[in-house]
Amino acid sequence: MQFHHNGYVSGEPRVLPAAGTGIDRPTDLPDEVDVLIVGSGPAGMLLAAQMSQFPTVVTRMIERRDGRLALGQADGIQPRSVETFQAFGFGPHIIAEAYNIAWMNYWTPDPQHPENIIRTTRQADYAKDISEFPHLIVNQARVLDYFAEAALRGPGRITPDYGIEFTGLTVHETGEYPVEVTVRYVAGERAGEERTIRAKYVGGADGARSRVRESIGRKHIGKLAEHAWGVMDVTVETDFPDWRTKCAINSEAGNILHIPREGGYLSRVYVDLGEVPEDDHHEVRKTPLETIVARANEILHPYTIEVKQAAWYSVYEVGHRVTDKFDDVDVDADHAPHVFLMGDACHTHSAKAGQGMNVSMQDGFNLGWKLGSVLTGRSPEELLSTYSAERQPVAQQLIDFDRQWSSLMARKPEEIDDPQELANFYMATSEFPSGFMTQYTPSMITGDAAHQELAVGYPIGKRFTSAEVVRVSDGNVEHVGHHHLADGRWRVYVFADAAGQGEDSAVNDWGEWMLRSADSPIVRYTPAGADADAVFDVKVVYQQPFDEIDVLAAPEVFRPRCGTLGLMNWEKVYAGGSGTDIFARRGLSRDGVVVVVRPDQYVAAVLPLAATDELAAFFAQNMVPAAS
């Protein structure tokens, strides 16, 4: 990471200097805010961490609980989420703490003795092949802790306002703060007090029974499936040999999805409780822990478990619901939305696919930079309409996937023709659960595929897949995408033509245009007095080995002056040679190509080096010229 450009830093460099609303942040909830986040779950906490990077925006988060979450129900962390943690600065820390899923084993009835189970398949986890980031298990509470830390360390110094519950809202047609929100204090000396807060925008991350959703008249569409599962976090004594390996277990007595957890001893166990009658009226939810443990032992036969401690347990019926729209405006409305739904407030499903927390966090990531861009004047308000348009289809894909996965998990042995089917499905669909299948369609922030052949490894609309390059200034091998922090900036990656730093290099012409042309995004959209890379982080990757490239000979746009000291940034010039040929690995044109990446790490445009008019036109549709 980079620091010292604003002066010597002797303490924790991840704690950024307070700015704007982060300076003397009011303890009490203000009467007027720019963004009010309702709920401190994964989507809400990520949104807070993102908004902390926009310290001129007044952002507050309310949470009904009187303090941090102590025990979370979600625990599966997909590779895309770990990549997101990297962007927020705590990827390595949570990896060290978590359980890393290396393998998944499958158990089925023994054909000779069907009352017993036997291991039939050992399968390496899909993360080994699909990403440099692992597939993890870690308590949701710890994920929230890390995001809370990121929000507090950002310039905006955002912390949750605990003990305050949302009771309702009204969206007015006019006014600087059109959303009128009513809240009630439920803890502390002010318990029972009611207040009205006015906001420009509200982010509803208040769970499956969302009051924000009800307040804007949105409906959950779907129903509960006729199947119930018990889930428990337990420490046990057992003779089951795969207790520290993720397992899908199918037996004559039912099914188990077993997932080891962090710490070396704890495990999460999903236990099949069977079909639920239509007239059950949720009575199955009262199933005691002892019954769940007994069913688990029946399924595991001839192995047994003795539960020493249950940290938590619950019973749920599989449900699949998607809200009809993720904001407060109808499709044909002529104005931008002011209220947004995230996470369980707009999509609910089973827990066994490990998607709830992961997809919810991407909701917050998608929305955060858009709110920040609009409220800081970088982008027009129309940008906010892309949130529901982009995230609702992703939620529907999640529901469709989870419905199929849940059905496969709940089958009886006699319904299984191929014992390898579940394992094959798990691997064949790995791109979706890992979080890498999302592909946004063309819009004001995602271009078309007219030039896709120039960068086939960077499909437009999909997240930017990192690869190793060599930093020219010091010869270190780095993952170029790992420097894409969640700071609200656009990334522009310039992959140089074969001429490199020669006189006929097309990159030289591009760099001169980007630095000085009146149509350049840097010139048009960077505020006066701000660092040259305050809005656009522009990097170049040459084809030649790093020792054939001179940093000081690179165009000036790749050597911006940064910080209060005006120091040259040495870390924007890279090489793809020396055995780390990103051009070959990502199918990049040797004639050079420009890859534009959104602040949430999704590829927005692929353009030839000469297509500067197209680059200017792309940003003209989603950004507002900076005041001179």
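## The core

The largest nonpolar core runs to 110 residues; such a core is a set of buried Ala, Val, Leu, Ile, Met, Phe, Trp, Tyr and Cys residues joined through side-chain atoms within 4.5 Å. F147, W490, V494, W510 and F536 have the most contacts inside it. Buried here means under 20% relative accessible area, with a 1.4 Å probe and protein chains only.

Take V494: leaving out residues up to four places away in sequence, its contacts (heavy atoms within 4.5 Å) include W510, V538 and F558.

## How the model was read

This is a predicted model, where local features need pLDDT of at least 70 and side-chain atom pairs count only at pLDDT 80 or more, while totals for chains, interfaces and linings use all residues. Residues are numbered from 1 along each chain as its sequence is written, and side-chain values use heavy atoms, with hydrogens and water left out.

## Aromatic pairs

There are 24 aromatic pairs, meaning Phe, Tyr or Trp rings (the six-membered one for Trp) with centres within 6.5 Å; planes under 30 degrees apart are stacked, over 60 edge-to-face, and the rest tilted. F90 and Y146 are stacked, since their centres are 5.1 Å apart and their planes at 10 degrees.

W510 is buried at 2% relative accessible area, and F558 at 0%.

Notes. Buried means under 20% relative accessible area, exposed over 50%, partly exposed in between (1.4 Å probe, protein chains only).
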